[in-house]
Protein chains: 2
Amino acid sequence: GSPLELKCINTIRALAADMVQKANSGHPGAPMGCAPMAHLLWSAVSSGGVGRDHSAADPKWWNRDRFVLSNGHACALQYIMLHLSGYEDCSIDQLKAFRQLGSTTPGHPENFCTKGVEVCTGPLGQGISNAVGMAIAAKHLGATYNTTDFPNVISNKTYVICGDGCLQEGISGEACSLAGHLGLGNLIVLYDDNKITIDGGTDLAFTEDVKMRYEAYGWQVLTVDDVANGLDDLRAAIEEGKKTTDKPTLIKVRTAIGYGSPNKEGKASCHGAPLGASEIEAVKSRLYGLDPLKSFCIDEDVAAYYAQQAAEGDKARVAWEANFAKYMEAYPEKATELQRRFNQELVEGAFDDLPTFVYGKDKPDSTRKFSEACLNAVASKAPELMGGSADLTESNCCQIKGATDFQKASPEGRMIRFGVREHAMAAISNGMFAYGGMRPFCATFLQFAGYALGAMRCSALSKFGVIYIMTHDSIGLGEDGPTHQPVEMLESLRAMPNMNVVRAADLNEMAAAYQIALKSVNTPTVICCTRAPVSALEHSSRDKAMKGGYIILPEEGDGAPDLVLVATGSEVWRCVDAAKALQSEHSIRTRVVSMPCQEAFLEQDESYRRSVLPGNIPTLSVEASSEHGWHRWSHAQVGMTTFGMSGPLEELFVKFGFDAENVANKGKELVEFYKQLDGAVPDLNARPSFVNIKGSAH
Amino acid sequence: GSPLELKCINTIRALAADMVQKANSGHPGAPMGCAPMAHLLWSAVSSGGVGRDHSAADPKWWNRDRFVLSNGHACALQYIMLHLSGYEDCSIDQLKAFRQLGSTTPGHPENFCTKGVEVCTGPLGQGISNAVGMAIAAKHLGATYNTTDFPNVISNKTYVICGDGCLQEGISGEACSLAGHLGLGNLIVLYDDNKITIDGGTDLAFTEDVKMRYEAYGWQVLTVDDVANGLDDLRAAIEEGKKTTDKPTLIKVRTAIGYGSPNKEGKASCHGAPLGASEIEAVKSRLYGLDPLKSFCIDEDVAAYYAQQAAEGDKARVAWEANFAKYMEAYPEKATELQRRFNQELVEGAFDDLPTFVYGKDKPDSTRKFSEACLNAVASKAPELMGGSADLTESNCCQIKGATDFQKASPEGRMIRFGVREHAMAAISNGMFAYGGMRPFCATFLQFAGYALGAMRCSALSKFGVIYIMTHDSIGLGEDGPTHQPVEMLESLRAMPNMNVVRAADLNEMAAAYQIALKSVNTPTVICCTRAPVSALEHSSRDKAMKGGYIILPEEGDGAPDLVLVATGSEVWRCVDAAKALQSEHSIRTRVVSMPCQEAFLEQDESYRRSVLPGNIPTLSVEASSEHGWHRWSHAQVGMTTFGMSGPLEELFVKFGFDAENVANKGKELVEFYKQLDGAVPDLNARPSFVNIKGSAH
Ligand SMILES: [Ca+2]
Ligand SMILES: [Ca+2]
């Protein structure tokens, strides 16, 4: 590198050390080690850089080259580069407010907080797996919308910086094995091979041959042994990576954590704590081009250098826009559809083809088959629905009819064969959503959401409306037994902020589930489905189900009911049977409430909620899942308190008390319980709901 | 193989097909393909087998060679082999009751259900990762208890059969990378390389070079191209694996799923459904040694063959026992300790050194530091506590003082450097527990329990008392921000059956946490810890905390209190401050309840529970975590309804309402809310609790 480039790199290092020092918390070591990589990734080709095109003027420009900082704890680096490129959220004041409440420079990158940040990273392995999703999205959209005369409407690359931690995580192994299989030549990963993890040297726990592993995945792996004494090798490796379009590239870059720190370079001690004022002064004395007495200092030549690189990127955007205007003229339908997709607008009449169940005419079926019908009804109109299953396509009933597979030789295909890789599947779906123009869906058994929860949480946090199709949603899956029977999973997901959990009782409610899912652009939705058929329901309703909870069987006669049964999914029809028996055999006037989506129900006003669940009427909840959480809605519960067992469905439902007979018995007991208390039914609605957050939160 | 061996193998195949057919559900393909492997693993050395020593007479014999069927859906195979070896839980009647409710032959292997089954498998990737834990346990115990004159007290090997699915899962990559690093030469994995997954050929999603990947991990990888036409290659490979003691061995065995099925062999269609009666007849007509008209048929020569192999294993056990008797004489202390450990007995005075916090004298600290003190207090007495962190040893405060690392060159060490591999860490801990003689502990940030949940659930289901130390347990971790701040995790874990979740408020409660954890031999415990210091509590108590919930600040004066605040962990002292303010400023007589462990509280009798939480007194819960689930205990909640934010702890606690001032304000509002309702406080305890399970469940 030239002296100016060296000064640029050292300026980045000093800024990172300053930011962490001012915040009095954070991670200086990785930014200092990775600064040369960032420098080249933020330099134009004419400056010997990678020519990564992006634009502060339009951070969401569709064809920008994506950058993911998978080792998110190094985010000072990302904020600095965004600052140097003119991104408004990373002003110098924001760099000084690093990790402070309300700043746009939080402790780990947050896509919804800082323009120029693509995804939330920090939980290790997520970012690199997101990047696989972005590369898939780019390949697919390019194959779908580019034409021979407009080959570059979608043609960007995705660049990643990651560390040892990301590569140790299983999720990255899953995602990168798939990336190799798919030959994602638009993906370039720079691996910060600094031989250090938090606990100490990588020799403590990570001595595998990473190069060989990635070659086994089908990647091109290049090695750069030294970035301290020159950028040429790294530059050449990135160029090689850009040229190689039939497979992803991993560049293993030997670096030193905390480069430049006389006492901490190469040591775990500079990973997660400020260097200290005197050490920072020593760094600045030692590194070319820095003034040891200045903080947050960016000399004019350095600022001008990066301004120039940013201008190149913006020029590319302007040229692309001119090209897109011509594309719009030549291919108005394609161009308009792409616009709609990137604008996250629903296709016109998106829900028109959603099926309706006609009671007395249509045949009962499993809700996973109903899900298949609804998925196909919306997917036929909305090409942005792209996804697949973790090797359970048929069991999850998630095949779009007539759709082909997205494979190396068929990138226009919209079904993804994720393999048995649940965690990567969810993270890849996040990356696809983050890319834009996509509404990814993905599927597995509900129990195995437990494998994917790290990434599903990132969907919710990042406001990515990924659609999760989770079948085999209770002990009702039967013989496969407790290893496969979810018990706690519905509650795990319901406890998560910004996550819709929908458990439909029949086809009409399933149509509502898809409508909720598609409308919730910034909230992921988990659609829970049964393996086995459910009986037909006379009074189910898509519109009512959209409210999250509604009366599916009104009590007989006038006045308040004697008992309310509230249930979801495959337990609803059993409650209807139980209610009818209670009425006819015991004259207990019983209402049944179907509650497919607690989140939607909580959004209704109080009077509606009370009209459905009065609260002061004995209420029994029935769900073949953990009771935990149901005390909010019901006085007593028929739910799971143990794990399930292996056996046929109907025997299991009797064993665990979900048969109509037990439900009726328990309903009767509940009514009698309160009679003995002289009718003193605690009113579950008679409690205030406190808003505790001061100001806005994410 | 000899004609008899071929007949043996075919008998296994036919039995598997028969079992699935009779159950009318299950997985015939993998058992039929893997039958030659199982045959050799269940044959003595003298019969050309692997000489795997185990004993139906004592299935828990310590030094048995472990077998893990990682592709658990193939469990018909395991039950058949156990049957042929004389294990009582797998009688021919039980084989006929495959996948039926209450049988000891459930749809996936369950360690607590079937003697001879080591771990629950089925969730893919768990078994092979458990096996890594077993191999670690064997290495460590051997290094600790064997002597030059008694080198074989603990000397067994661990064998695994796994399929493509297990190798695609990230968890196995994590575990196997670590196994290679540790050079676990006592681990031999047979990989059922059948080129088929549920969705179809492995060319759909899994084209990586598995051999190369495992070599990159540091494994010996052997390839067997054909087991259909002879056993010699596989036999030789297993022998080679047994000879290689410095690294684990993967044997890649080319097989055909559903071997012998004229119409389904090699096809995904025989993976997860019965073959059909006529197809089974065709199989039996085709395969040597079978009678096409007989079901569940085991000819005498076949039965005699396996009885002979089982007898060899039992002989080995008898010889080992004689040797152990001599060891007991020579090394009574070691032998007795080993017995205690395998009997899962607590060491005498296990809790004697647990520290006590003296109010007014001791210095406040974070509960993670308190956890460190308690861990060390018990670990100094209990050598069965072995474990470590996923690369956060210092942050998790989980170093046993003076303990060395378990490494290839130091297998006697008891600290494990798991690397950034949370999911494998939990599964390895499960395997160590399953091995026996071990109380594994493992640690990460609470948020990253989300990465490990698949395996943590297996701890709970399998009744493995693994101890999870989870620090940074709320938004109180501060600047790292919402990617690292758990919100839903406590509720996820509380919703899980057979899982203790303990969130201690200070050192005394932390001592209770460790006491609960160690006493819960068959229930895993999650110990949640703060990053930051908590203020001292005057009335905390280890004994009272053992009850799960107790009054930590009684209301002033006589009669029922005006308000109850119930909190956990770092919110308790803030509630105490709030309560004092409510009393002094508003004369609201406020009780504070500390509830470190809901599970333990629910085990107390009703009168105790009512004495702590009356239910009909306005009750406000305060926990810096999801409100979800707290409606059971409180009328209103101060809790999280969104994700957190990046910023300093105290600012976050004010922002989200967990400061004493907001708690006091909300407490006052709650009291006033019910005054306006003329004091009609719904009694949260006035509800019945129904037991719905008929008979016993797991
Ligand atoms: Ca590193
Ligand atoms: Ca397979």
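This is a predicted model: local features need pLDDT of at least 70, side-chain atom pairs count only at pLDDT 80 or more; totals for chains, interfaces and linings use all residues.

A residue is called buried when its relative accessible area is under 20%. By that cut-off Glu5(B), at 6% relative accessibility, counts as buried.

**Calcium site**

- The calcium ion (ligand 1) is coordinated at 2.2 to 2.3 Å by Asp164(A) through OD, Asn194(A) through OD1 and Ile196(A) through O.
- Along the sequence these donor residues follow the spacing D-x29-N-x1-I.
- Asp164(A) belongs to helix α6 (residues 164-168) of chain A, while Asn194(A) sits in the loop between β3 (187-193) and β4 (196-197) of chain A, so that distant parts of the chain, 30 residues apart, are linked.
- Asp164(A) is buried, with a relative accessible area of 3%, and Asn194(A) is buried as well, at 8%.

**Strand β3 of chain A**

- Seven of the seven residues of β3(A) are buried, so the strand is largely enclosed by the rest of the structure.
- In a regular strand, side chains alternate between the two faces of the sheet.
- On one side of β3(A) the buried residues are Leu187(A), Val189(A), Tyr191(A) and Asp193(A), and on the other they are Ile188(A), Leu190(A) and Asp192(A).
- β3(A) pairs in the parallel sense with strand β2 (residues 158-162) of chain A over five bridges, and Ile161(A) stands opposite Leu190(A).
- β3(A) also pairs in the parallel sense with strand β7 (residues 249-254) of chain A, over six bridges; there Leu250(A) is the bridge partner of Val189(A).

**Core and chain contact**

- The largest nonpolar core has 347 residues, and Met456(A) and Met456(B) have the most contacts inside it.
- Among the residues that Met456(A) touches are Ala426(A), Tyr468(A), Leu493(A) and Val526(A).
- Chain A and chain B bury about 10700 Å² between them, 57% of it on carbon and sulfur atoms.
- The contact takes 128 residues from chain B and 128 residues from chain A.
- Seven salt bridges are counted between the two chains; in one salt bridge, the side chains of Arg99(B) and Asp480(A) meet at 2.5 Å, N to O.
- Arg457(A) and Glu488(B) meet in a salt bridge at 2.9 Å, N to O.
- That pair crosses between chains, from helix α16 (residues 449-462) of chain A to the loop between β11 and α17 of chain B.
- Arg457(A) is buried at a relative accessible area of 4%, and Glu488(B) counts as buried at 1%.

**His472 of chain B**

- His472(B) is placed in the loop between β11 (467-471) and α17 (489-494) of chain B, and counts as buried at 5% relative accessibility.
- Residues touched by His472(B) include Arg368(B), Phe445(B), His484(B) and Cys529(B).

**Salt bridges within a chain**

- The structure holds 66 salt bridges over all chains.
- In one salt bridge, the closest N and O atoms of Arg340(A) and Glu384(A) are 2.8 Å apart.
- Arg340(A) lies in helix α12 (residues 332-342) and Glu384(A) in the loop between α13 (367-379) and β8 (385-389) of chain A, so the pair ties together parts 44 residues apart in sequence.
- Glu5(B) forms a salt bridge with Arg235(B), with the closest N and O atoms 3.8 Å apart.
- This pair links helix α1 (residues 3-23) and helix α9 (residues 232-243) of chain B, its residues being 230 apart.

Technical notes. Residues are numbered from 1 along each chain as its sequence is written. Chains are lettered from A and ligands numbered from 1 in the order in which they are written. Side-chain values use heavy atoms; hydrogens and water are left out. Donors are N, O and S atoms within 2.8 Å of the metal (3.2 Å for Na, K and Ca); water is not among the atoms, so sites may look incomplete. Helices (H or I, at least four residues) and strands (E, at least two) are DSSP runs, numbered from the N terminus. Buried means under 20% relative accessible area, exposed over 50%, partly exposed in between (1.4 Å probe, protein chains only). Two strands pair if DSSP finds at least two bridges between them. A nonpolar core is a set of buried Ala, Val, Leu, Ile, Met, Phe, Trp, Tyr and Cys residues joined through side-chain atoms within 4.5 Å. Contact means heavy atoms within 4.5 Å. Buried area is the accessible area (1.4 Å probe) that two parts lose on being put together, summed over both. A salt bridge is a side-chain nitrogen of Lys or Arg within 4 Å of a carboxyl oxygen of Asp or Glu. Lists of a residue's contacts leave out its neighbours within four places in sequence.
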